[in-house]
Amino acid sequence: MFCLKTLLEETEVKALLITMWPILLILFPTLVFLMRNKFTKLVKENKRIPPGPPKLPIIGNLHQIGALPHHSLWQLSTRHGPVMRLQLGGVPAIVVSSAVAATEVLKIHDLECCSRPPLAGTGKLSYNYLDVGFSPYGEHRREMRKICVLKLFSLKSVQSFRFVREEEVRSLVDSLRPSSLTETPVNLSEKMFTLTASITFRIAFGKNFKETGLDNDKFEEIIHRAQSVLRSFASSDFFPYVGWIVDRLTGLHAKFERSFRELDDIFERLIDEHLNRTSQDQEDIVDLMLRTERDQSEFSEVQFTRDCTKAILMNIFLAGVDTGAITITWAMAELAKSPRVMRKAQNEVRSYVEKGELVNESDIHQLHYLRMVIKETLRLHPAAPLLLPRETMSQFKLFGYDVYPKTILQVNVWAIGRDPDNWDKPEEFFPERFMDSSIDYKGQHFELLPFGAGPRGCPGIHMGMAMVELTLANLLCCFDWKLPDGMKEADLDMDEAYGLTTYKKSPLKLVPISYQ
Ligand code: HEM
């Protein structure tokens with residue numbers, strides 16, 4: 001998912017700096033003058049602005065946000081506090097890094113904080129904000145969200161696709177068997193992406209992506225290019241008026257266009273197939289949305305158009321595939337590092353399932369320890385460590401400070417999940433901490449927010465968790481897992497890489513040993 005300074009590839013940075021620099025030279029004196037005036041005005045008006053690091057003219061604090069933004073923002077917040085002000089080029093931002101401050105913005109002031117900033121990349125891929133995830137607050141977003149929550153991702157809809165998840169997990173297990181016979185390592189990061197992509201494809205389009213002529217690598221490339229668009233730092237986002245020139249010169253604009261075309265072509269082709277087919281087994285998400293397009297009766301002011309359908313499909317692919325795969329991969333990495341926890345979770349799963357059988361979804365509710373393992377994974381490795389950026393809509397007080405409309409708001413849930421004020425020995429992977437605790441990840445407990453909270457919290461939570469729980473349970477039930485080539489637990493690196501989501505930098509490779 002997106003972060004505030006989004007990461008430029010190295011060549012983009014160089015090109016940006018070369019093209020930006022004459023523009024900066026011209027703008028520099030004007031901006032210094034404007035910013036000084038604005039600051040003096042605020043002081044004169046006796047406004048309390050949140051503390052934050054000193055900023056440079058024009059770029060503000062952009063240079064202080066490193067390759068892992070949640071880490072650099074956490075470092076800065078240890079010096080400036082849980083409510084911290086930053087200046088991102090021409091755009092003000094607030095970063096929240098404690099559970100109490102998160103409660104203020106996601107619960108008490110949720111209505112003031114639930115818009116999204118208009119950004120070039122998200123605007124392009126969302127058919128000009130016709131989706132749920134990136135659309136600003138308003139009637140359109142409300143209607144789109146209603147469709148997602150009540151129809152597409154409701155518990156009933158999630159349950160109706162149970163057979164898809166069970167079939168895909170079964171073929172994952174089958175695909176691991178040859179490696180378990182020869183005891184060769186498998187790339188679990190890659191396997192998990194294929195699995196969650198296949199499940200999502202079938203739920204959305206009624207068929208596996210291989211049946212559509214797309215191969216795994218090609219699809220992964222398209223998804224990752226689109227994610228890089230959503231995380232790209234467009235100059236027009238932070239430097240109004242002139243930034244678009246820079247985006248054209250650096251080729252970013254062309255990259256946005258290409259990614260948009262790639263996704264749009266897939267959506268067009270599969271929607272056409274749906275329109276032309278004569279029979280169907282089970283209604284998939286595209287069928288449901290095409291029906292909604294035809295029957296507009298439930299909308300008063302909003303039109304549900306073909307572009308709305310495609311924009312929501314974009315959300316499903318870019319928010320739904322990687323997040324699940326990443327969570328399962330981090331869980332397996334933590335378990336491989338902690339054989340005691342792995343053994344305990346395996347014993348639990350195997351005690352409920354006959355040897356040789358697979359775990360099915362009706363078994364999951366009994367697996368209390370497995371669910372604690374997942375909570376602990378989400379605490380340490382939230383897939384979106386800064387959630388999605390929000391934009392404030394009106395002025396309000398936060399911890400006594402004044403926050404103004406059109407300020408970008410980021411909640412550092414990664415830092416909150418490791419805050420020693422909330423968690424004992426926060427860096428330790430210790431699922432038992434949830435044993436006698438009511439803390440859950442559904443957005444009611446602000447010390448654990450992997451899905452966000454409030455009106456912009458993740459509507460795909462049931463769909464995501466159903467994939468994660470079933471897959472993990474079966475990986476633990478059907479196989480024992482060894483580190484490759486005599487590697488020790490301590491050698492397993494847990495370095496992160498930041499994309500739209502935070503994934504394990506080096507792919508996780510483990511050796512499956514058949515239990516059955
Ligand atoms: C383990 C899996 C998942 C995780 C960890 C996750 C996490 C998140 C997070 C952190 C947000 C931002 C919330 C905020 O800003 O407060 C979000 C938003 C969203 N997620 Fe998920 N997600 C997951 C699975 C899914 C799935 C499977 C789908 C759909 C198929 C989905 C669809 C969405 C959408 C549409 C939004 C935007 C909501 C809005 O702005 O109103 N997510 N998700």
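Predicted model: local features only at pLDDT ≥ 70, side-chain atom pairs only at ≥ 80, totals over all residues.
At G133 a polar backbone atom is involved, 3.5 Å from an oxygen atom of the ligand.

The elements giving two or more residues to the shell around the ligand are α5 (139-152), α14 (306-337) and α18. Helices are DSSP runs of H or I with at least four residues and strands are runs of E with at least two, numbered from the N terminus. The largest share of this shell, 6 residues, comes from α14. In total, 28 residues surround the ligand, and the closest are R116, R145, R390, R456 and C458; a residue is counted as near if one of its heavy atoms lies within 4 Å.

## The iron atom

The only protein donor of the iron atom of the ligand is the SG atom of C458, at 2.3 Å. Donors are N, O and S atoms within 2.8 Å of the metal (3.2 Å for Na, K and Ca), and sites may look incomplete because water is not among the atoms. C458 is found in the loop between α17 (413-417) and α18 (461-478).

## The four-stranded sheet

An open sheet of 4 strands has the order β1-β2-β7-β4, with mixed pairing. Two strands pair if DSSP finds at least two bridges between them. β1 (83-88) and β4 (390-391) stand at the edges with a single partner strand each, so one side of each is left without a neighbour in the sheet. β4 and β7 (residues 408-411) run antiparallel and are joined by 2 bridges. R390 stands opposite L409 in β7, and R390 is also among the closest residues to the ligand.

Helix α2 (residues 69-80) packs on this sheet and touches β1 and β2 (91-96), its direction making about 125° with that of β1. Contact means heavy atoms within 4.5 Å; axes are lines fitted to C-alpha atoms, for helices over the stretch in contact, and angles run from 0 to 180 degrees between N-to-C directions. Helix α3 (residues 99-108) lies across β1, β2, β4 and β7, and runs at about 130° to β7.

## The three-stranded sheet

A further open sheet has 3 strands in the order β3-β11-β8, with antiparallel pairing. Its edge strands, β3 (186-187) and β8 (479-482), each pair on one side only. β3 is joined to β11 (residues 509-514) by 2 bridges: V186 stands opposite L510, and N187 stands opposite K509. Between β8 and β11 there are 4 bridges, and D480 has I513 in β11 as its bridge partner.

## Annotated transmembrane regions

UniProt, in an unreviewed entry, places the feature "transmembrane region" at residues 15-34 and 312-333; its positions are given in the numbering used here, feature names are shortened, and annotations may be inferred rather than shown by experiment. The span 312-333 is 100% helix and 0% strand, with its end C-alpha atoms 32 Å apart.

## Basis of the values

Residues are numbered from 1 along each chain as its sequence is written, and side-chain values use heavy atoms, leaving out hydrogens and water. Local features need pLDDT of at least 70 and side-chain atom pairs count only at pLDDT 80 or more, whereas totals for chains, interfaces and linings use all residues.

Methods. Polar contact = N/O pair within 3.5 Å; in protein donor to acceptor, adjacent residues only side chain to side chain.
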